[in-house]
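Please examine the sequence and the model below before reading on. The paragraphs that follow begin with one residue and then widen the view.

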Amino acid sequence: MRRPAPQTKRNFPMNLRVTALTQNSNAIANIRLRSADLAKFYDQVSSGVRIEKASDDPSKYPALTEAKAASNRLKSYAGTVSESTAVLNSGVSTLQDVNDILVRAKNIALEANDASTQPESREALASEVDSLISRALITVNSRPDGSSLFSGTALDTNAFRVATTDAQGRPATVVYDGADQRARVVTGRGTTVDTRYVGSEVFQQPGADVFASLIALRDDLRGTSGSSATFNQALDQRITDLTAARDSISATIGEQAGNLATLSTLSNVISDSKLDFDSRVGDLEGTDYAEAVVKMQEASTALQAIYAVTAQLADPGLLDFIGR
């Protein structure tokens with residue numbers, strides 16, 4: 001009896017089904033890949049940034065990271081220089097105000113020492129000196145940025161205070177309450193600048209004490225009689241002390257002005273250096289628009305081709321055949 005030939009038709013649909021599933025899986029994978037490429041190049045064009053993470057360009061990412069770190073470091077230095085400049089400008093302004101007070105006090109001493117000045121006028125001059133003392137205290141304790149200008153590192157402490165008063169409650173002695181060290185800031189690698197000075201070194205030098213000179217002048221105007229040689233001698237000493245106090249302040253103004261000049265030069269150097277690093281960052285991470293547009297078009301074309309092939313694989317008739 002003749003045996004029938006073996007049936008193989010059942011294997012064909014199974015092989016066809018497996019092949020179709022594989023093709024669909026590959027098509028989906030390619031769609032995802034090309035879609036990701038298209039999105040990546042679209043983001044590069046829209047944002048202007050080509051490298052956001054190491055995998056975007058492993059060869060250039062370390063240099064980009066270093067350039068960004070340098071730029072950020074210079075930005076921090078620039079901020080410090082700007083703040084220090086503001087503090088020193090406030091310090092110079094305060095010193096100039098105190099100098100003006102001393103100039104007026106010296107003129108009062110000269111006026112009182114003039115033989116034509118009547119004794120009864122000296123009380124009015126003494127009252128004006130009282131006002132100068134109060135003005136000087138307010139000025140040296142000013143806090144334009146919230147911190148004391150002349151308390152050194154004791155930023156939250158007023159530099160000076162009235163320690164004792166006379167019988168009428170007027171200041172008799174003024175003492176320094178700040179720190180003994182200047183406040184300084186880092187303006188670059190290995191560079192610092194003094195910003196907040198020690199008030200006692202500026203306003204209370206021996207023989208050049210601003211407050212002691214003003215208080216002594218006021219007391220001389222009230223306590224020494226008419227045209228006596230003692231009165232003239234006392235006022236001559238006050239004039240000498242006030243002049244010495246002005247010289248001390250002028251020296252500090254000169255020093256702070258020098259610091260300001262240094263900061264100005266440093267600011268320009270930092271600005272130029274930061275511009276160079278920012279340009280470097282732009283060159284490294286910036287999008288090459290011509291190249292990105294071409295690659296975006298290539299990804300779009302490839303994606304459209306994949307869609308076309310996938311559409312053919314998804315033809316209902318073919319699917320029906322595969323499902324039999």
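Does Thr-94 count as buried or exposed? Thr-94 counts as buried because its relative accessibility is 6%; buried means under 20% relative accessible area, exposed means over 50%, and partly exposed lies in between, with a 1.4 Å probe and protein chains only. The model is a predicted one, in which local features need pLDDT of at least 70 and side-chain atom pairs count only at pLDDT 80 or more, while totals for chains, interfaces and linings use all residues. Residues are numbered from 1 along each chain as its sequence is written, and side-chain values use heavy atoms, with hydrogens and water left out.

Thr-94 belongs to helix H2. Leaving aside residues up to four places away in sequence, Thr-94 touches Thr-139, Val-140, Ser-142, Leu-149 and Phe-150, where a contact means heavy atoms within 4.5 Å.

The protein chain as a whole contains 8 helices and 6 strands. These elements are DSSP runs numbered from the N terminus: helices are H or I with at least four residues, and strands are E with at least two. Of the chain's 324 residues, 35% count as buried. Among contacts with a separation of 6 or more, 72% join residues 24 or more positions apart.

Helix H3 covers residues 121-140. Its 20 residues should span 28 Å at 1.5 Å a residue, and its end C-alpha atoms are 29 Å apart, which agrees; the expected span is 1.5 Å times one less than the number of residues. Among the buried residues of H3 are Leu-125, Val-129, Leu-132, Ala-136 and Val-140. The buried residues of H3 pack against several elements, including helix H2 (61-113), strand S1 (160-165) and strand S2 (171-176).

Strands S1 and S2 run antiparallel and are joined by 5 bridges; two strands pair if DSSP finds at least two bridges between them. Thr-165 has Pro-171 in S2 as its bridge partner. The two strands form a hairpin with 5 residues between them, and Gly-169 in the turn has a positive phi of about 80 degrees.

In soluble globular proteins, nonpolar side chains tend to be buried together. Here the largest nonpolar core has 50 residues, and those with the most contacts inside it are Phe-160, Phe-203, Leu-214 and Leu-221. Such a core is a set of buried Ala, Val, Leu, Ile, Met, Phe, Trp, Tyr and Cys residues joined through side-chain atoms within 4.5 Å. H2 gives the most to this core, with 14 residues. Phe-160 touches residues including Leu-137, Val-174, Phe-203 and Phe-211.
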